[in-house]
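Visitor: Please show me the model, and then let us discuss it by question and answer.

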Amino acid sequence: MILNLLRAFWGVFFIFWTAFNTALVDVVGSEQQIPLSVVKLWASAFGGEIKSIAAKYSGSQLLQKKYKEYEKDVSIEEIDGLQLVKKLAKSMEEMFHKKSEAVRRLVEAAEDAHLKHEFDADLQYEYFNAVLINERDEEGNFLELGKEFILVPNDHFNNLPVNISLSDVQVPTNMYNKDPAIVNGVFWSESLNKVFVDNFDRDPSLIWQYFGSAKGFFRQYPGIKWEPDENGVIAFDCRNRKWYIQAATSPKDVVILVDVSGSMKGLRLTIAKQTVSSILDTLGDDDFFNIIAYNEELHYVEPCLNGTLVQADRANKEHFREHLNKLFAKGIGMLDIALNEAFNILSDFNHTGQGSICSQAIMLITDGAVDTYDTIFAKYNWPDRKVRMFTYLIGREAAFADNLKWMACANKGFFTQISTLADVQENVMEYLHVLSRPKVIDQEHDVVWTEAYIDSTLPQAQKLADDQGLVLMTTVAMPVFSKQNETRSKGILLGVVGTDVPVKELLKAIPKYKLGIHGYAFAITNNGYILTHPELRPLYEEGKKRRKPNYSSVDLSEVEWEDRDDVLRNAMVNRKTGKFSMEVKKTVDKGKRVLVMTNDYYYTDIRGTPFSLGVALSRGHGKYFFRGNVTIEEGLHDLEHPDVSLADEWSYCNTDVHPEHHQMAQLDAIKLYLTGKEPLLQCDKELIQEVLFDAVVSAPIEAYWTSLALNKSENSDKGVEVAFLGTRTGLSRINLFVGPEQLTNQDFLTAEDKENIFNADHFPLWYRRAAEQIPGSFVYSIPFSTETANKSNVVTASTAIQLLDDRKSPVVAAVGIQMKLEFFQRKFWTASRQCPSLDGRCSISCDDEAINCYLIDNNGFILVSEDYRQTGNFFGEIEGAVMNKLLTMGSFKRFLVEFNLCSWWHSDLTAKAQRLKQTLEPCDTEYPAFVSERTIKETMGNIACDDCFNSHLYPWSHPAKRHLSPAKTSLCDMFR
């Protein structure tokens with residue numbers, strides 16, 4: 001087999017593969033070779049024509065010329081990464097402070113309202129129950145607690161029907177709606193309605209505000225209708241939510257002891273397992289734990305983690321839950337052995353300086369204790385009683401209740417009896433009240449922030465999922481304490497108030513235009529979990545469930561996976577300020593392609609929060625920014641062009657502050673701001689100035705495209721459908737050469753095509769890929785889709801526009817076209833039929849049965865093949881031996897890239913990060929990606945295989961730069 005490879009132009013290879021079996025050789029008597037000069041002719045002809053078409057219809061040369069004309073009037077600045085990240089951190093600090101103040105006002109109002117309230121066991125109060133509102137009986141009368149509650153769709157809440165004047169109350173299904181404790185709590189918390197509304201008036205960017213009561217009810221603003229599941233149940237209990245747990249208690253180290261002696265068989269063991277599971281629900285990322293089952297021996301639920309504690313993150317808790325199912329009851333319960341082990345673990349762990357440091361507790365789950373074990377407590381815990389003892393008596397018998405009560409009371413804990421599965425949830429919650437007492441007595445109103453998560457249990461989240469996907473958010477929360485004199489010394493926690501902050505709201509504080517094409521900002525918590533990061537997204541593979549279904553507890557090391565030693569992560573966890581650099585491989589285009597670059601990371605802490613902020617800037621053009629200058633009059637004139645649009649998710653002007661601006665498009669807001677008609681608008685003056693500059697410089701291309709469209713019917717380039725342009729300021733221009741209804745790809749450059757438009761955290765795909773090509777060259781590709789049948793009928797071509805002819809020049813814009821695949825392929829086959837002979841007769845061409853011709857892009861995906869079904873597939877899947885040969889010859893480089901890393905268990909702990917040290921394994925998320933080597937212009941070689949002789953030619957011709965390849969299927973080993 002002979003393989004000839006020639007680069008036709010940057011971004012595409014032309015590969016010819018001829019295969020001759022022994023029978024053919026015997027008949028012909030000689031091997032038929034493809035002259036390299038012929039392949040070069042084909043590559044040059046096709047590359048030259050397709051590049052000419054792309055340059056012509058995109059207007060790339062005109063736009064480059066226009067920016068050159070302004071070269072003397074612009075200033076180029078190198079970005080100071082440290083100063084940039086500090087400035088962004090200050091901006092986010094102010095935004096976070098604003099949210100915290102809204103929560104603080106709720107705390108003050110709640111505590112004052114409770115102080116003035118006197119508990120009334122006979123209180124009758126008709127409140128708005130979130131499940132029963134607007135419900136009627138068979139006679140048409142409103143149900144009790146279900147009065148009329150006006151709900152109106154509101155655009156700020158994604159058009160959900162809400163009541164922005166009132167809150168309503170959700171009560172868990174397993175609780176009685178009219179329990180005196182709930183009715184009294186609902187009554188005094190009605191005073192929060194006024195503060196909810198006032199907070200929303202002060203900060204219209206706020207969304208859901210709420211009060212989660214220690215009694216179990218959940219007051220939410222704005223009021224919304226809750227719907228039970230198919231079983232008529234609402235399992236939501238606010239006290240199990242991470243924001244509640246973090247705000248209600250201090251970080252804690254917990255050892256859970258589970259009795260698995262013979263007396264625990266049957267229902268008792270089932271209740272015990274459920275009790276352990278419920279305790280795990282109350283632990284958060286700042287807590288550490290372990291579970292030990294005991295009879296006459298100790299049985300660590302996870303044997304690999306004996307003698308230590310692990311962080312109570314989602315993955316660890318789920319892992320322990322799985323092991324709980326393996327427990328079975330037998331033997332005799334030796335509680336003294338278990339208590340000794342628990343105290344030793346807590347003591348040793350505390351001395352290491354790891355863990356929560358604040359509080360320590362032992363949770364004992366048993367059906368009885370024959371002794372009080374005071375000698376053990378005297379040895380380990382008295383007189384300081386630093387470890388609290390919580391005892392859970394399983395079953396209806398009370399013979400050993402006194403011993404368990406004594407143990408709990410003698411060690412500043414709590415005793416409770418659990419007789420049925422229905423009792424588990426409420427009884428487990430009691431320990432939170434005890435652990436919160438020190439905070440309540442000291443009146444420690446700590447503000448807590450969660451990492452990014454999706455709370456799909458809330459009704460608004462479920463309704464949003466139908467239309468726009470689940471909303472990623474963080475929550476700021478604060479505890480509410482009783483100030484009544486008679487209860488203050490007891491430390492009574494009333495509940496927790498909070499408000500949700502969508503991650504997209506955080507992104508508004510990060511100006512994408514200052515970060516460059518590949519640059520981005522990200523933030524993590526003090527546990528290393530991501531608050532915001534552009535890679536915090538689902539996997540694209542169909543049918544594969546992401547390991548983090550709620551996006552909660554996604555660690556920075558899972559997305560910045562090249563940082564194998566956690567240098568960046570640990571520095572940010574420890575709230576340092578500094579710089580770090582590394583080579584990275586960023587996946588794009590549904591994870592099918594990879595961009596290899598070197599990133600410089602700058603990081604600092606965000607004061608007043610547990611977060612640290614990082615900024616990544618790519619080396620080269622990503623480290624430079626330029627400023628242009630035009631008059632407002634010039635810019636406004638060119639912004640009026642109908643083909644101009646701006647990035648919807650970029651914040652040119654803040655339209656959230658005043659209700660009358662909520663529906664205003666960014667382009668309209670800029671015009672009103674510049675004309676002085678809306679003095680209340682707050683806008684980014686620097687960004688707007690650069691938008692005006694880009695509008696003026698790019699304006700002539702509109703007339704150029706119009707001229708082409710008028711003359712297009714007279715030429716043969718009818719396959720070109722769209723021309724487009726984007727600039728570093730998020731400005732876009734689009735021109736259609738066909739009617740909208742005639743477009744082959746209807747979604748291109750629309751809101752449905754997220755990867756090809758400007759978003760809050762990334763530039764369009766065609767812009768990013770073009771920026772990494774040699775200036776003046778085009779990059780070509782067939783768009784991928786997430787559908788099972790990944791077939792596209794278009795080809796996209798784009799090129800970058802640079803201000804200067806070196807890597808220190810910022811990429812100021814990118815332009816491109818989209819053409820029909822059939823048109824593109826027709827040009828290819830026409831070029832491959834050319835021959836150098838004077839008589840015009842070709843001795844060999846791609847039409848010959850012995851030759852297979854392929855056109856592949858710079859990531860190895862097929863653009864043109866004789867078998868149309870192979871279009872868009874990876875070349876290695878079709879011709880594995882040839883792709884393997886190209887790798888061996890250095891024509892392509894192979895990289896392993898990862899979307900996410902899956903973790904397994906290791907007994908070590910890392911103190912700096914306070915998390916389980918993990919060994920990383922691929923588990924279906926590590927996969928190869930390929931990038932062509934630019935320095936290889938052409939190559940050819942032979943591949944020997946069973947009963948055949950295959951040759952290949954890989955030519956690369958400079959002017960128009962692309963990849964071509966002919967090949968014949970053989971019995972050779974497929975690419976691996």
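Guide: A contact means heavy atoms within 4.5 Å. This is a predicted model, in which local features need pLDDT of at least 70 and side-chain atom pairs count only at pLDDT 80 or more, while totals for chains, interfaces and linings use all residues. Residues are numbered from 1 along each chain as its sequence is written, and side-chain values use heavy atoms, with hydrogens and water left out.

Visitor: Among contacts in the chain between residues at least 6 apart in sequence, what percentage join residues at least 24 apart?
Guide: Helices (H or I, at least four residues) and strands (E, at least two) are DSSP runs numbered from the N terminus, and the chain has 25 helices and 43 strands. Of the contacts between residues at least 6 apart in sequence, the share that joins residues at least 24 apart is 73%.

Visitor: What percentage of the 976 residues in the chain is buried?
Guide: Buried means under 20% relative accessible area, exposed over 50%, and partly exposed in between, with a 1.4 Å probe and protein chains only. By that criterion, the buried part of the 976 residues is 59%.

Visitor: What are the buried residues of α5?
Guide: Helix α5 (residues 180-189) is largely enclosed by the rest of the structure because seven of its ten residues are buried. The cover over these buried residues includes α4, β6, α6, β7, β8 and β18. The buried residues are Ile182, Val183, Asn184, Gly185, Val186, Trp188 and Ser189.

Visitor: To the backbone nitrogen of which residue does a side-chain oxygen of Asp179 reach at the start of α5?
Guide: A polar contact is a pair of N or O atoms within 3.5 Å; within protein, one atom must be able to donate a hydrogen and the other to accept it, and residues adjacent in sequence count only if both atoms are side-chain atoms. At the start of α5, the side-chain oxygen of Asp179 comes to within 2.9 Å of the backbone nitrogen of Ala181.

Visitor: Which side chain is joined to that of Glu111 by a polar contact of 2.6 Å?
Guide: Glu111 belongs to helix α4 (residues 81-116) and, at 2% relative accessibility, counts as buried. Leaving aside neighbours within four places in sequence, Glu111 is in contact with His445, Pro479, Val480, Phe481 and Lys483. The polar contact of 2.6 Å is with the side chain of His445.

Visitor: Against which elements do the buried residues of α19 pack?
Guide: In helix α19 (residues 666-675), the buried residues are Gln666, Leu667, Ala669, Ile670, Lys671 and Leu674. After α19 comes Gly676, with a positive phi near 75 degrees. The buried residues of α19 pack against α18, β25, β26 and α20.

Visitor: How many residues apart in sequence are the parts that Arg593 and Asp857 tie together?
Guide: A salt bridge is a side-chain nitrogen of Lys or Arg within 4 Å of a carboxyl oxygen of Asp or Glu. Arg593 forms one with Asp857, the closest N and O atoms being 2.8 Å apart. Since Arg593 lies in strand β22 and Asp857 in strand β33, the pair ties together parts whose separation in sequence is 264 residues.

Visitor: What is the relative accessible area of Arg728?
Guide: The side chains of Asp694 and Arg728 meet in a salt bridge of 3.1 Å, N to O. Asp694 lies in helix α20 and Arg728 in the loop between β28 and β29, so the pair ties together parts that are 34 residues apart in sequence. Asp694 counts as buried at 0% relative accessibility, and Arg728 is buried with a relative accessible area of 7%.

Visitor: How many salt bridges does a search of the whole structure find?
Guide: Some salt bridges form a network, which links Glu77, Lys514, Arg627 and Glu686. Over the whole structure, the number of salt bridges found is 36.

Visitor: What is the volume of the largest cavity?
Guide: On a 1 Å grid over the protein atoms alone, a cavity is a set of points where a 1.4 Å probe fits but cannot get out, and lining residues have an atom within 4 Å of a point. Grid points are joined across faces, edges and corners, and a volume is the space filled by probe spheres set on the points. The search finds five cavities of 30 Å³ or more, and the volume of the largest is about 140 Å³.

Visitor: Which strand gives the most to the lining of the largest cavity?
Guide: The largest cavity is lined by 15 residues, of which Gly516, Tyr624, Arg728, Pro810 and Val811 lie nearest its centre. With three residues, the element that gives the most to this lining is strand β24.

Conventions
1 Å grid on protein atoms, 1.4 Å probe; cavity = no way out; pocket = protein on both sides within 12 Å on 5 of 7 lines; lining within 4 Å.
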